[in-house]
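Hello,

Here is the structure I promised to pass on. Please open it alongside this note, and my findings follow below.

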Amino acid sequence: METRRASVSTMQQGDDRVSTGIGSLDKLIEGGLVRGDTTIVAGQPGTGKTTMGLQFLVHGAVRCGENGVYASVIESGEKLKRNARRFGWDLDALEKEGKIQLVSLQSTMKAGVSTALETVLEALHTVNARRLVFDSLSALMTAFESTAEARSFLHIMLKFLEAANCTTLMISEVPWGRQQLGTNFEEFLGDGLIVLESSFDNSRIRRRIYIPKMRGTENRLEGYDYYITREGFALAPTPIPPDKIR
Ligand SMILES: Nc1ncnc2c1ncn2[C@@H]1O[C@H](COP(=O)(O)OP(=O)(O)O)[C@@H](O)[C@H]1O
Ligand SMILES: [Mg+2]
């Protein structure tokens, strides 16, 4: 009881948190993401970025009354639906109920910045979205003819998201063997950064999550092991002990 009172009193006034749908992650970040903020989720292929994004949207739509859009430059809506089904998330039903919209941007991007923007903004408007997942920043860079186009797309979209108070996960694909994020958009995206990492440990893959940056949230320097199960994403309850860090 005492601890609870203390933690509530240290919260900033008007601090409105958005649950990620991953309880173990929410606990680390003072209840969730700050409403309206944009957080980069960076990681190598297969680390669970898409899974995290879907979990965030499904949780919002089913449990929080917050509708959402998944805008993908990489995957078709069908593929997302198939992947989501493995976790028991019925995107088809949520789409029919008008709670979620899946937008495939692959062909739209070739038509230029304004068409691509129109597609995303229209989807956000249609479901009155409070959450967005954009997959991915790296694909955005290559989908347009020039970096200038990608920048202007991102700039306008972020302005809109801010005005709409829409909480956003921006996925960033990190190529295998690289440490940096692999895009040069970070200057736009100041609010938060979640890094998902896969490494080989005793001949098996070990998954770790780090949160180097989260606006308005106490810093968490420790890494945590995480797991992907039939229920989705979950973090190990305790940080990785210092002697286990490479
Ligand atoms: N039911 C499940 N149980 C355990 N792991 C799963 C399950 N479904 C998918 N996965 C794993 O989770 C990962 C999900 O990848 P995904 O979210 O698509 O990653 P990314 O978007 O980062 O490439 C894959 O490596 C896959 O093997
Ligand atoms: Mg993915």
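Let's start with the ligand. Ligand 1 is surrounded by Gly43, Pro45, Gly46, Thr47, Gly48, Lys49, Thr50, Thr51, Arg86, Ile228, Thr229 and Arg230, where a residue counts as near a molecule or strand if its C-beta atom, placed from the backbone, lies within 6 Å of it. Helix H3 (49-63) and strand S10 (220-229) each give two or more residues to this shell, and H3 has the largest share, with three residues. Helices (H or I, at least four residues) and strands (E, at least two) are DSSP runs, numbered from the N terminus.

This is a predicted model: local features need pLDDT of at least 70, side-chain atom pairs count only at pLDDT 80 or more, and totals for chains, interfaces and linings use all residues. Residues are numbered from 1 along each chain as its sequence is written, while chains are lettered from A and ligands numbered from 1 in the order in which they are written.

Now the sheet. Nine strands form an open sheet with mixed pairing, in the order S5-S4-S6-S7-S3-S8-S9-S10-S11; two strands pair if DSSP finds at least two bridges between them. Strand S5 (100-104) and strand S11 (232-235) are at the edges with a single partner strand each, so one side of each has no neighbour in the sheet. Strand S4 (residues 68-72) and strand S6 (residues 131-135) run parallel and are joined by five bridges. One of these residues, Ser72, has Asp135 in S6 as its bridge partner.

Best wishes
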